[in-house]
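Hi,

Here is the structure I said I would pass on.

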Amino acid sequence: MDDIFIVNDEQRAILETVKRFVEEEVKPRAAALDANPDPEASFSWEIVERAHEVGIRQMTLSEEYGGLGTDSLTTSMVIEELGKGDLGVSVIFAQTLKIAQIMQQALNDEQKSRVLPNFAADPRGMLGIGITEPDNASNYFIPYPTPFRTSAEKTAGGWIVNGMKHFISNGNRSTFYLLFVQTEKGKPMAEGATCFLLERGRPGFTIGRVHDKMGERLANNAELVFQDCFIPDENVVGEVGKGFEVLGNFFPQSNAYAGASIIGVAGALHKKAIDWASVRVQGGKPLIEHDGIRAQLAEMQMLIDASRSYIHRACYLADNQHHGWDKTLGVLPKAMASQAAWKIATWTMEIHGGHGYMKEFGVEKLVRDAAAFLHSDGVNRTLFLKAANFMFRK
């Protein structure tokens, strides 16, 4: 059934391209890459290069730069389709697609001319955003009144940066980053941080370890290490000390994209549950003919549909805020989708019985992936608190 938010043939054509890409390029590789014991080797440049060839990697860029100029609603649909094939693949492109959108709006003309043509032309061009630190993660959502540990001192012509970021999606793969650094001492991170444009290979900037994760393994998360790294004034994005205005002003739908990734996993789990219930016989008839199982499959469908509609509403209103945007849409859809996906994951494993615990059936991988977004893009409990602050603080 078509989603009611699909309104034109162009969207349908894009999604058909993405579905073929998932079937031909992602699903045949996903299980083997996920099983690789080396987390860095779980990443596939072949998938990235093929995504470039069919126009997925760069689709949020405007046509001026060789993209499709996809809006946030269409982009969320693409991210969900990728998530049905593999969560990690969805994440690496969701990060790149959303940061490309931010850059087109937040960078000045000189910065855009330096970054966007090179990114668009590079078949391996990926983007990352450096926020999370070992001591500072979801507390920047509230925000807790503490500064970032990664800090910058002003010097002639620029800034000297020292510190470390970790858990950074595409951290070891990106060619360009948006980096958030404390530039005003004594202020909380949401008030005294500056956003910098960072190029890969800048002296003093190195990649630390690649984190070995339980799930979402086809996406690399890594440490970004800064040792007296000089970043010039011309790489300041927006205004000094107002880094978080970059995200607030230019990308309210970031969390909804995360919800789209995880609801893709929920869809993959639901399909596995239906397929298994249709062939597994217990009590003399297929599981799907048992009322309890049939009702549970229907409840899964409800959770997916409701979460998807919430995500689509957030993405549409992020681009059309005059129709009724409110700030809770920037945090709650991901929390809802991740909770739904986790519930569907546990139910799917239960429907499979012992087979769900065995790796060869593929449920085990999806369960590990489903756990990722209970905390990724913000711990859910923190997001609920942030939404409550939006609702009840004058």
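Predicted model: local features only at pLDDT ≥ 70, side-chain atom pairs only at ≥ 80, totals over all residues.

Residues are numbered from 1 along each chain as its sequence is written, and side-chain values use heavy atoms, with hydrogens and water left out.

By cavity I mean a set of points, on a 1 Å grid over the protein atoms alone, where a 1.4 Å probe fits but cannot get out; a pocket is an open set with protein on both sides within 12 Å along at least five of seven lines, and lining residues have an atom within 4 Å of a point. Grid points are joined across faces, edges and corners, and a volume is the space filled by probe spheres set on the points.

The largest cavity has a volume of about 40 Å³. Its lining is made of Pro 39, Val 210, His 211, Lys 213, Arg 217, Ala 219, Asn 220 and Asn 221. Sorted by class, that is 3 nonpolar, 3 polar and 2 charged residues. (Ala, Val, Leu, Ile, Met, Phe, Trp, Tyr, Cys and Pro count as nonpolar, Asp, Glu, Lys and Arg as charged, and the others, Gly among them, as polar.)

The second largest pocket holds about 1400 Å³ of space. It is lined by 44 residues, and Lys 27, Lys 84, Gly 85, Gly 267 and Ala 268 lie nearest its centre. The lining has 22 charged, 15 nonpolar and 7 polar residues. Helices α1 (9–34), α3, α8, α9 and α11 (363–370) each supply at least two residues of it, and α1 gives the most, with 10 residues. Helices here are DSSP runs of H or I with at least four residues, strands are runs of E with at least two, and both are numbered from the N terminus.

The cores

The largest nonpolar core has 103 residues, of which Leu 82, Phe 93, Met 103, Leu 178, Phe 180 and Ile 351 touch the most other members. Helix α8 (residues 254–279) brings the largest share, 13 residues. Apart from this core lies another, of 15 residues, among them Trp 159, Val 161, Phe 196 and Leu 198. A nonpolar core is a set of buried Ala, Val, Leu, Ile, Met, Phe, Trp, Tyr and Cys residues joined through side-chain atoms within 4.5 Å. Buried means under 20% relative accessible area, exposed over 50%, and partly exposed in between (1.4 Å probe, protein chains only).

Leaving aside neighbours within four places in sequence, Leu 82 is in contact (heavy atoms within 4.5 Å) with Val 18, Phe 21, Val 22, Ile 56, Val 89, Ser 90 and Phe 93. Val 22 lies in helix α1 and is buried, at 3% relative accessible area. Leu 15 is also in helix α1 and counts as buried at 8%. Beyond four places in sequence, Leu 15 is in contact with Ile 6, Met 77, Val 78 and Glu 81.

A helix crossing

Helix α3 (residues 72–85) and helix α9 (residues 291–319) have axes that come within 8 Å and cross at roughly 145°. (Axes are lines fitted to C-alpha atoms, for helices over the stretch in contact, and angles run from 0 to 180 degrees between N-to-C directions.) On the α3 side, Ser 72, Leu 73, Ser 76, Met 77 and Glu 80 meet Arg 308, Ile 311, His 312, Cys 315 and Asp 319 of α9. That contact has 4 nonpolar, 3 polar and 3 charged residues.

Some strand residues

Two residues have a positive phi without being glycine: Phe 167, at about 60°, and Asp 228, at about 50°. Phe 167 sits in strand β3 (residues 158–169) and is partly exposed, at 47%. Asp 228 is in strand β7 (residues 221–232) and is exposed, at 55%.

The C-alpha atoms of Cys 229 and Asn 162 are separated by 6.6 Å, although the two are 67 residues apart along the chain.

Best wishes
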